Amino acid sequence: MTIKLENVGIAVRDLEETIAFFTDLGLTVVGRDTVSGDWTDTAVGLDGNHAKIAMLQTPDGHGQLELFEYIHPDAIETAPTLPNEIGMHRVAFSVDNIDKALEIAAKHGCHPLRGVATYGDIYKLSYVRGPSGIIVMLAEALKKD
């Protein structure tokens, strides 16, 4: 059996705001749609499922995010995820300049949870609270290829 990661799906409060955040960081919108019907009810396991979706791709062509904003049923607000909670935790991106990435995030009102840390001589990294409370890890390799 062969397996590969297709994408990471994230429910968001405001699709356009979240698209703006991730496209400013360098991702590209590769598709948009509004989905509903029996097939979505079955696939998602939610009756009356109706959502606006957008597929975003990283510049290297390997990573994708599927963002979705529920039209029906109403989205359920939850407290933002904490770094030590069980379950879906964060989405992580390698960046070539963490300071520039943090400047872009700040333009969207998104700031590090605490600051920028250095992991050995491998990475400078930071967790940012993004749109809809998404935790986004940004990591800059300290040793460039």
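**Charges.** I looked up the charged side chains and found 12 positive and 21 negative ones in the chain, with the centres of the two sets 9 Å apart. In this count Lys and Arg are positive and Asp and Glu negative, while His and the chain ends are not counted; the place of a charge is NZ of Lys, CZ of Arg, CG of Asp or CD of Glu.

**What I am working with.** I note that this is a predicted model, in which local features need pLDDT of at least 70, side-chain atom pairs count only at pLDDT 80 or more, and totals for chains, interfaces and linings use all residues. Residues are numbered from 1 along each chain as its sequence is written, and side-chain values use heavy atoms, with hydrogens and water left out.

**Fold.** I listed 3 helices and 8 strands, taken as DSSP runs (helices H or I, at least four residues; strands E, at least two) and numbered from the N terminus. Along the sequence they follow the pattern β-α-β-α-β-β-β-α-β-β-β. The radius of gyration is 16 Å, close to the 15 Å from the globule rule for 145 residues, so the chain is as compact as a globular protein of that length; the radius is taken over C-alpha atoms, and the rule is 2.2 Å times the number of residues to the power 0.38. The C-alpha trace spans about 50 × 35 × 30 Å along its principal axes.

Of the contacts with a separation of 6 or more, 52% join residues 24 or more positions apart, a contact being heavy atoms within 4.5 Å.

**Ala54.** I found Ala54 in strand β3, and it counts as buried because its relative accessibility is 1%. Beyond its neighbours within four places in sequence, Ala54 is in contact with Leu15, Ile19, Gly31, Arg32, Leu65, Glu66 and Leu67. I also checked Phe93, 39 residues from Ala54 along the chain, and the two C-alpha atoms are separated by 18 Å.

**Thr58.** I then moved to Thr58, in the loop between β3 (50-57) and β4 (64-72). Thr58 counts as buried because its relative accessibility is 14%. Not counting residues up to four places away in sequence, Thr58 touches Leu27, Gly63 and Phe93.

Conventions:
Buried means under 20% relative accessible area, exposed over 50%, partly exposed in between (1.4 Å probe, protein chains only).
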